[in-house]
Amino acid sequence: MQETKFIDILSKVATVVAILMYVSYISQIKNNLAGNYGAPLQPLVAALNCTLWCIYAYFKQQRDWPVFWANFPGIIFGLITFITCLH
């Protein structure tokens with residue numbers, strides 16, 4: 001029982017931290033829109049990686065919602081960052 005509670009709390013904390021990691025792309029998006037373009041490869045690969053993890057988490061026999069929600073923002077923010085990097 002103790003381990004289950006720990007894993008439940010850990011999954012929630014890790015999900016929040018992962019979401020914050022992808023939300024941190026906002027500053028790069030702002031820089032890109034201001035003409036200070038960043039490199040497009042990293043956010044594109046992050047979006048691809050997050051897409052694969054979301055597919056994995058969703059199609060598992062027992063859906064892994066913490067993994068899904070931790071990676072879903074990475075798809076959105078990664079693609080927006082990638083698109084705004086292009087000039």
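Let's start with Tyr56, which sits in helix H3, a stretch covering residues 41-59. Keep in mind as you look around that this is a predicted model. Is Tyr56 buried, exposed or partly exposed? With a relative accessible area of 41%, Tyr56 is partly exposed, because that value falls between the 20% and 50% cut-offs. If you go looking for Leu86, you'll find that Tyr56 and Leu86 are 30 residues apart in sequence, and their C-alpha atoms are 29 Å apart in space.

Now for the cysteines. How many disulfides does a search of the whole structure find? It finds zero. Cys50 is in no disulfide, and the nearest cysteine sulfur to its own is that of Cys54. Cys54 is in no disulfide either, and for Cys54 the nearest cysteine sulfur is that of Cys50. Here is how the two look side by side:

Next, take a look at a pair of helices. Helix H2 (residues 25-33) and helix H4 (residues 65-85) have axes that come within 9 Å and cross at roughly 20 degrees. Angles under 35 degrees count as roughly parallel, so H2 is roughly parallel to H4. The crossing of H2 and H4 is left-handed.

Which residues meet there? On the H2 side you'll find Tyr25, Ile26, Gln28, Ile29, Asn32 and Leu33, and they meet Phe77, Gly78, Ile80, Thr81, Thr84 and Cys85 in H4. Sorted by class, the contact of H2 with H4 has seven nonpolar residues, five polar ones and no charged ones.

Terms used: Residues are numbered from 1 along each chain as its sequence is written. This is a predicted model: local features need pLDDT of at least 70, side-chain atom pairs count only at pLDDT 80 or more; totals for chains, interfaces and linings use all residues. Side-chain values use heavy atoms; hydrogens and water are left out. Helices (H or I, at least four residues) and strands (E, at least two) are DSSP runs, numbered from the N terminus. Buried means under 20% relative accessible area, exposed over 50%, partly exposed in between (1.4 Å probe, protein chains only). A disulfide is a pair of cysteine sulfur atoms within 2.5 Å. Axes are lines fitted to C-alpha atoms, for helices over the stretch in contact, and angles run from 0 to 180 degrees between N-to-C directions. Angles under 35 degrees count as roughly parallel, over 145 as roughly antiparallel, 65 to 115 as roughly perpendicular and the rest as oblique. A crossing is left-handed if the near helix is turned anticlockwise from the far one by less than a right angle, and right-handed if clockwise. Contact means heavy atoms within 4.5 Å. Ala, Val, Leu, Ile, Met, Phe, Trp, Tyr, Cys and Pro count as nonpolar, Asp, Glu, Lys and Arg as charged, and the others, Gly among them, as polar.
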